[in-house]
Each structure stands twice: as C-alpha cells, then as structure tokens.
Amino acid sequence: MTQYVFFGGTGRLGRAFLGAHQQWLAPSRNEVNITQWREVDRYLDAVRPTCVMHAAAVVGKQEAERDTVQTYKVNVEGTNNIAQACLRYGIRLVYISSVSVFDGSHGPYRETDTPIPAYFYGWTKLGGEIAVRMVGNSVIIRTDFFTPGEFKYSTVFIDHYSSKMSVSELVEAIDTIAASRLRGIIHVGRPRDTLYRLLEPYIPDIQGIRIQDSAMPDFPRDLSLDISLYQRLFTR
C-alpha cells in the first residue's frame, strides 16, 4: 500500500494537514528524532513511503535564538538527514520553507531572487533548502501562514507587506503541489497586501499599528512573495 509520511505533525501546519489527511503517517519525536540520521534512515527504510512532507522545525525568530545550537540541529541537520534518506531510497520530498529566507527589504520576492535572511531562523531554513536541493524529486514551498483561532497578537502592522495565508488555504495548496510532478522552488501565499488587510477579514477586532511606533522598529517592511508561478500552474 502506498504510504505517505509527515514530519512535524504536532505543529500548527501539521495538525491542520493531518486533520484532513488521516491516512498519512506522522511519527512523533519519540518515534523518530530527526537530528539522529540513523533513526530517520531506519524509519524510512522500513516504511518506504511514496512521499515525505517535512515541516518539523524550530519556528520563529525569538524561538530560534533561544537555543541556536538546537535550532541548527533540528532545522539544518534534521532536514539534511531526511533529505539524504529520501535521496537514498528514491522518495519524493516536499519541504516547507519560509519567507524568512529573505531580508524583507523589498518585495514581492520571486523564486529566482537570491535569498539573504535577516535572522538566524531564516538562515537555518535556507540551510534546509540547500540540503533538500540534493534530492532530484523534491519541491521547496516558501510560504507564510496563520491559524485564525490561534493568532496570538492583538495588533498587527499596517505598513508591513505580506503574502500570509490561512492554514486551511495552505493545506489545500500543499496537497495539490505534493501530488504534482513539480520540482524545485515555488512561492505560495495570497496576493501582496498589508498584513493588517490580510488578517482583518479573519480577525475583525484586530488593531493596526505602524512599524515605527512598535517595539520592533526594525521589522522587515516587505516579505511578500511573487506567487505568479503558483497561480499559473495550480489556479484558474
């Protein structure tokens, strides 16, 4: 029977994805520690899935910088371990990357633009991308998303541009891309708009604030993505 494996099932994306795809296998950290290559290799050798989706990561600027060594192990070494096993056993690999591989100085960013992260977290996701590119049958999805019922901020920027999409929209997009023969890098999100306007329909009581008036005056101005490739290939 065809098998599918999802690494990172306890995260926000993982919970949403697996809720709609209960047939996918999702090993816990106790079952497979992705920072240990032997555990990854042993598991994928035994299961031999058709496709692996890799979304396991230490996520976020502050979270990543609390323990940079562990973040590196998970985001870079862990991804490399999965990529090598997929390469060894001929498994399709779908890697969930991030807009954070860009510095946010301008946008919208195209797939061909040179990634230059502004933060450590972004560098680790870029390191993961480099490992995944070793796998011929792989696709890297750069994206940014939110979960409406779990959004933890009461204010958002009115002058930060984004392509952030809801997690349910992202699940549908990933499903379509994973089932396709696409290889390489693709940007997935909503059309470029301010973060406030993107979120306001989902969170009506959200308040707007300017970047310069916030506690993060150096926050990136524009992390929007050029999604024309995705629109051309997968939308009508």
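A salt bridge is a side-chain nitrogen of Lys or Arg within 4 Å of a carboxyl oxygen of Asp or Glu. The structure shown is a predicted model, in which local features need pLDDT of at least 70 and side-chain atom pairs count only at pLDDT 80 or more, while totals for chains, interfaces and linings use all residues. Residues are numbered from 1 along each chain as its sequence is written, and side-chain values use heavy atoms, leaving out hydrogens and water.

**View 1. Salt bridge between Asp45 and Arg48.** The closest N and O atoms of this pair are 2.7 Å apart. Asp45 is partly exposed because its relative accessibility is 33% (buried means under 20% relative accessible area, exposed over 50%, partly exposed in between, with a 1.4 Å probe and protein chains only). Arg48, at 45%, also counts as partly exposed.

**View 2. Salt bridge between Glu65 and Lys61.** The N to O distance is 3.4 Å. Both residues belong to helix α3 (residues 61–66), where they lie four residues apart, about one turn of the helix. Helices (H or I, at least four residues) and strands (E, at least two) are DSSP runs, numbered from the N terminus. Glu65 is partly exposed at 38% relative accessibility, and Lys61 is partly exposed at 35%.

**View 3. Salt bridge between Glu169 and Arg190.** Here the closest N and O atoms are 2.4 Å apart. The pair links distant parts of the chain, 21 residues apart: Glu169 lies in helix α6, and Arg190 in the loop between β9 (184–187) and β10 (193–194). Glu169 has a relative accessible area of 22%, so this residue counts as partly exposed.
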